[in-house]
Amino acid sequence: MKGKMKAVVKEKPEYGAVYKEVDIPQIGPEQVLIKVESISICGTDHHIYVWNKWAQENICPPQIMGHEVAGVVIETGSRVKKVESGDFISAETHIPCGHCYQCLIGKQHICKNMKILGVHKNGVFAEYAVIEEVDVWKNDPNIPRNFASIQEPLGNAVDTILSGNVDGKDILITGAGPVGLLSVGIAKTFGASNVLVSEPNKYRRELSFKMGADYVVNPANEDLISAVNDIFGEKGVDFTAEMSGNPEAIKNGIKAVTPGGIISLLGLPADELQLNLTQDVIFKNIKIIGITGRKMFSTWNIVSNLLKSERINVSPVITHKFPLQDFKKGMKLMGEGNCGKIILKP
Ligand code: NAD
Ligand code: ZN
């Protein structure tokens, strides 16, 4: 399709982004063009917007921002078989190479040559966007359309929580950003007995209760390990889902786990960190699991089923909706932390 569209472009290697007119992108044989219906802002988009160290090392402006998206297919490349025009899709954001060892053994989500939508190529904060066929997820018409763009972060929450076999367990979630909040709901849906959330931001502590948390603490003025002992006794928790990337939260999240338990790490610490492996991990026989992305596409199938059957209510996490041109309002809220997921509509 030829023509112009509005998009949020990271134009220069500096703070900010601009809302401007650009060409509608052209598709290749294994790509589809979608008319974007909804987009959500991820922490990564905020990092790119404020131009932090990671963004400076990974982003090559000018580039259209964004990756969490849902929309309707309006053009398909000559080799595309998965979908046709009119299909309502969401997109996996990890673009696997298809030929490395991991891809060949069916683990595309940990492809060694992974590229990321909106990071290594133009993204989706626009009226139209190009999606690789390999990343297309055809939505079930029965999922609530409002939630279609947040299936990607919901998939992060599902993979993290399922890695902890939470059914009947006492669990700790450190960090109640959008993914932590979604994880609270997922943990309760999958049968966690007691969910304790640790989060310094008041707004997000309140949202944690709305998502079903049983206990919520503020690690800025309460010792997390004492709180864990008060609530669960000396035993600690069976599982920690680390969703903050904060070094103290990671260390305490490990200490809180009962011997033989599990901690899964999704949050990304900015720097290397020091752990007492002998005392806190080895002698305790605990398992540390790193989580990246979500499985392609078994996790998507779980997410879709949960939304379709309304076994999880994600509405409390969606705190704000703005037209795309007001993206700066969303970025400001993301910076302050007084939000859950923010949805943008072109
Ligand atoms: P976010 O930054 O919005 O949320 C992190 C939360 O942690 C914030 O609410 C913050 O107040 C809280 N926090 C800060 N210090 C804390 C402490 N000491 N104890 C407890 N909580 C603390 O991020 P998000 O979008 O919800 O994502 C969660 C984390 O997961 C981020 O680090 C993000 O970069 C990472 N992430 C990883 C993957 C992956 O594939 N591994 C995917 C998505 C996000
Ligand atoms: Zn690969």
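Student: Where is the place of Leu333, and is Leu333 buried or exposed?

Tutor: Helices and strands are DSSP runs numbered from the N terminus, a helix being H or I with at least four residues and a strand being E with at least two. In this predicted model, local features need pLDDT of at least 70, side-chain atom pairs count only at pLDDT 80 or more, and totals for chains, interfaces and linings use all residues. Residues are numbered from 1 along each chain as its sequence is written, chains are lettered from A and ligands numbered from 1 in the order in which they are written, and side-chain values use heavy atoms, with hydrogens and water left out. Leu333 has its place in helix H11, residues 327-336. Buried means under 20% relative accessible area, exposed over 50%, and partly exposed in between, with a 1.4 Å probe and protein chains only; Leu333, at a relative accessible area of 15%, is therefore buried.

Student: How many residues apart in sequence are Thr76 and Glu30, and how far apart are they in space?

Tutor: Thr76 and Glu30 are 46 residues apart in sequence, while their C-alpha atoms are 7.9 Å apart in space. Thr76 belongs to strand S5, residues 68-76, and counts as partly exposed at 31% relative accessibility. Another such pair is Glu37 and Ala91, which stand 54 residues apart in sequence and 12 Å apart from C-alpha to C-alpha. Glu37 is part of strand S3, residues 31-40, and is partly exposed, with a relative accessible area of 25%.

Student: Which residues coordinate the zinc ion (ligand 2), and why is the arrangement tetrahedral?

Tutor: Donors are N, O and S atoms within 2.8 Å of the metal (3.2 Å for Na, K and Ca), and since water is not among the atoms, sites may look incomplete. Here the SG atoms of Cys97, Cys100, Cys103 and Cys111 coordinate the zinc ion at 2.3 to 2.4 Å. Four donors count as tetrahedral if all angles lie between 85 and 135 degrees. Ideal angles for four tetrahedral donors are 109.5 degrees. Around this zinc ion the four donor atoms subtend angles of 102 to 118°, which makes the arrangement tetrahedral. Along the sequence the donor residues are spaced C-x2-C-x2-C-x7-C. Cys97 lies in the loop between strand S7 (94-95) and helix H3 (101-104), and Cys111 in the loop between H3 and strand S8 (115-116), so the pair ties together parts that are 14 residues apart in sequence. Cys97 is partly exposed at a relative accessible area of 24%, whereas Cys111 is buried at 6%.

Student: Which residues come nearest to ligand 1, and which polar contacts involve the ligand's oxygen or nitrogen atoms?

Tutor: A residue is near a molecule if one of its heavy atoms lies within 4 Å of it. Of the 21 residues around ligand 1, those that come nearest are Val179, Glu199, Arg204, Ile291 and Gly293. A polar contact is a pair of N or O atoms within 3.5 Å; within protein, one must be able to donate a hydrogen and the other to accept it, and residues adjacent in sequence count only if both atoms are side-chain atoms. A polar backbone atom of Leu268 is 3.1 Å from an oxygen atom of ligand 1, one of Ile291 is 2.9 Å from a nitrogen atom of the ligand, and a backbone N or O atom of Gly293 lies 2.9 Å from a ligand oxygen atom. The protein covers 78% of the 850 Å² of accessible area that ligand 1 has on its own, areas that come from the Shrake-Rupley method with a 1.4 Å probe.

Student: Which peptide bonds are cis, and what is omega in each?

Tutor: Most peptide bonds are trans, and most residues other than glycine have a negative phi. In this structure a cis bond joins Pro61 and Pro62, with omega about 0°, and another joins Met296 and Phe297, with omega about 5°. As for phi, Asn285 has a positive value of about 55° although it is not a glycine, and Asn285 is exposed, with a relative accessible area of 59%.

Technical notes: Four donors count as tetrahedral if all angles lie between 85 and 135 degrees; four count as square planar and six as octahedral if opposite donors are over 155 degrees apart and all others between 65 and 115; anything else is irregular.
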